[in-house]
Amino acid sequence: MTTPVAAVGQSNKAGLTKNDYRGLPSTLCQGCGHNSIASQIIAACYELNIVPEEVIKMSGIGCSSKSPAYFLNRSFGFNSLHGRMSSLATGALFADKNLKVIGISGDGDTASIGMGGFKHMMRRNAPIVYIVENNGVYGLTKGQFSATAEVGLNLKHQGINQYMPVDICLEALASSATFVARSFAGDAKQVKELLKAALSHHGIAILDIISPCVTFNNEENAIHSYTWGKDHEEPLHEISYVPKLAEIILDGEFPEGTVREVTMHDGATIILKKLERDYDPTSKANAYQMLETAQANNWMATGLIYIDTQKPALTDMYNLVDTPLNRLEEKDIRPGEATLDKINAMMF
Amino acid sequence: MSNPRIVNDFSITIGTVNGSGSQTANVTLLRALFKMGIPVSGKNLFPSNIQGLPTWYTIRISKDRFIARRDVQEIVVEMNAASFQRDLEVVSPGGAFYYADDIKLPVTRTDISVYPMPIKQMAKAAQVSPNLRDYIANMVYVGILAQMIGIDMEKIRQALDFHFKGKVPAIDSNFNAIKTGAEWAAQNLKKTDPYWVEPMNATEGYVMADGNTAAALGAIYGGVQFAAWYPITPASSLAEALNVYLPQLRKSSDGKNTYTVLQAEDELSAIGMAIGAGWSGLRAMTSTSGPGISLMSEFAGLAYHTEIPVVVWDVQRVGPSTGMPTRTAQGDVTEIYFLSHGDTQNIILFPGSVQECFEFGWKAFDIAEHMQMPVFVLSDLDLGMNQWMTKPFEYPDAPMDRGKVLWEKDLDKLNGAWARYRDVDGDGIPYRTVPGNRHHSASWFARGTGHDEFTRYSEDAGTWESNMLRIKKKYETARRLVPKPVIAKMDGASIGIIAFGSTEAAVEEARQILNLEKGLKTDFLRLRALPCTEELFSFIKEHERVYVVEANRDGQLRQILSTVVPPEQVGKFRSACHSDGLPLTAGWVKNAILAEEKI
């Protein structure tokens, strides 16, 4: 249904240009970090010479879950149910073990409604690149708290968040994920490198990418809109006012081991701490300790936090035939007639 | 009380404590009777508990091949003080009451034969470890009963041999306990009741099996490639049977598997995984019961709307809520027919026998893939978990129908010009591709949101409506595909009966009784699927009154049928519905009809 794009620009080893990895134009807000992540998925797949037809894209429901439409147009995709990407992807990946699965979820989709499935998918080590585009807020339903929102966050109509946030990376470690990483959507270089590592990992790869919401996790705007709405006595309508803001991009170098302060759209700051060059991501104890230290310092630690390349992936546990299951024919999957006589003889 | 012998026509109920191992003893009795050539059925009436609560097993012995549960119990074997009084009361006059004599309760009836059994002493004498004593005690009553009603000891040994898969020490120790019981009875009990069994030749060509095993085997012969499930009574044994038989039947020549069975974290994920697998081209299924179905509702709507084949077995139990998890019902019909929010109509198959569980086990995949829809198969606890006499399973009589799937070569022929949701053939069923298809035009974007023919996101009013109307058209196509009803007629009948599933035996028996005792002739349509086929509409048209017999409170099938038959026919329906957790009896069906007919 898609037409092959004429080759323009440089081809990679798969004979494809970057255009072959593109998706539809994004319908997310201008300046949304999710768009930047989509661009890096395109770049990472291009650089890894991945054939788009050998990728499937999965998502749940939410702003983040819309984004599989914005990359790899030639891949199969499934924008499914809120919080249910994990189970759909788990079933789907048995059909053809040669396919790569890229799952895009959000903090609401993963850490609230989909927490159960998320954690079970990790303990099964399902081979999928699982990206959480994490902005601490529900965008599509117009700005409610998500489970990753920090204590004290003030959102219009919601008040101040009182509950402790869910730390996606800590959850991933506790659930035996074999690849755990965190990044910031504005750090394009790091996002791409982590994506490439994740795409090369055989097992579950969790990427928690802080992706600021330009529209709803945005205090100043909220007050502005609230005032605007009240003046016009149409308090329900202010939600359709979406200012066009620039995306937050980190410029210049951001070397390992350093700390960088980033100003968000609402003027608040977050502190990114890039992991030290000699940080050992193969030690789970290190990983826990590092995340605890980061939390105590109010840092958002970024980089590859943990990796284990030894555990078998889910699809390796079933002794499956080499032919993709979905290419087996009747003769392969319907036992012969003589076997049924034996089965009948086995009944009393 | 010496009456003429009553042979091969009575019921036995055995009251025990659950968790005591009585299931083995009871199934041994059932199987031995079956091997004697006598038509039998056995119903396990058990609590939702692991150990310590009363449980009953009831065996119907019927030379006339009536195998529905009966309200009347001619013989009761009582091993449980807690149910002693209740069970003593239900013995029919002239019947027999066997009880473990360590139960120190008064036997207040004088119109029955009473046989105390020194079970405890005999179990002690068996010299087994104390933790096996209760278990052996059950075998003692098997022996006593066998001696007293005439069960062939050799057939008992065959039943044990089957149960213990040929393991001699287990067979011997159980058989010895049974023999001890039989010998004691021969020396110490004088038979004063008239109930006897004698060998017949009426089970030739039958085997014994349960519906869940049959369903699993049917799915295996239907080529199931992916099954996800979550433990729930009474459906667990279906998935467990997949785990037993798939390794025996579905390895490739190099010893690798052509299937995956995965225990999910909940029913949401179980159906989610199955739909994911169905989307990517696998024959996928899940099996559950009512509470699981409730959780699966949103996913069912997703599969309906994105047009993904998946097979869902619902082995029904009593609801709503947790209800009575170990009791049987047909109460999920309405829920499943409309499962999901929004406009949906689902395909439902109703297997009415163990053999049909096998048949629908494979057929459901053909229908689901042909229609690109979820197919729900409604069994129930009675059919799924109890042992039934059944004809041997029949090999599929048609090649697999994989539906309209386009692979690389097909897309080449089309020059890549196709649309996922376009009705090319006028049957409402579009073409699909599955992930792994490497053709550059193969991919499409599945979404539960509004979409156009090319799967693009759409909120366009006309696009939404025309797509939903096309999906509705598929339901019309399904009418030509689903199993037709089975109809049994009597000359001159003006009354029709519609039933489905496990109640067939009770309805058939009730029809014979109505005819013999009251001269009331009835025709019977056993519905095997929704949507309804032409045969059902004709059947209703041909009869003055139509009873819809079902094991639920509200007459759910009758409600659905009332929405699909012409308005002038609706008044013909009479609801005969009843739900108390027990399999319907012929007596109840007969009385329900007689009450309405005022005969």
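Strand β2 (residues 9-17) of chain B is joined to strand β5 (residues 73-78) of chain B by 4 bridges, and the two run parallel. Within this pairing, B:I12 has B:I75 in β5(B) as its bridge partner. Strands count as paired if DSSP finds at least two bridges between them; helices (H or I, at least four residues) and strands (E, at least two) are DSSP runs, numbered from the N terminus.

The model is predicted: local features need pLDDT of at least 70 and side-chain atom pairs count only at pLDDT 80 or more, whereas totals for chains, interfaces and linings use all residues. Residues are numbered from 1 along each chain as its sequence is written, and chains are lettered from A and ligands numbered from 1 in the order in which they are written.

Both strands belong to an open sheet of 6 strands in chain B, ordered β3-β4-β2-β5-β6-β7 with mixed pairing. Its edge strands, β3 (40-45) and β7 (113-117) of chain B, each pair on one side only. From one strand to the next, the twist averages 15 degrees.

| Helix | Lies across | Angle |
|---|---|---|
| α1(B), residues 22-35 | β2, β3 and β4 (54-62) of chain B | about 170 degrees to β3(B) |
| α4(B), residues 133-149 | β2, β5, β6 (91-100) and β7 of chain B | about 140 degrees to β6(B) |

Angles run from 0 to 180 degrees between N-to-C directions, with axes fitted to C-alpha atoms, for helices over the stretch in contact. Residues are in contact if their C-beta atoms, placed from the backbone, lie within 7 Å.

The contact between chains takes 48 residues from chain A and 61 residues from chain B. On the side of chain A that touches chain B, α3(A) gives the most, with 6 residues. β2(A) is joined to strand β17 (residues 445-447) of chain B by 3 bridges, running parallel, and A:G77 stands opposite B:F445 in β17(B).

Notes
Contact = placed C-beta atoms within 7 Å.
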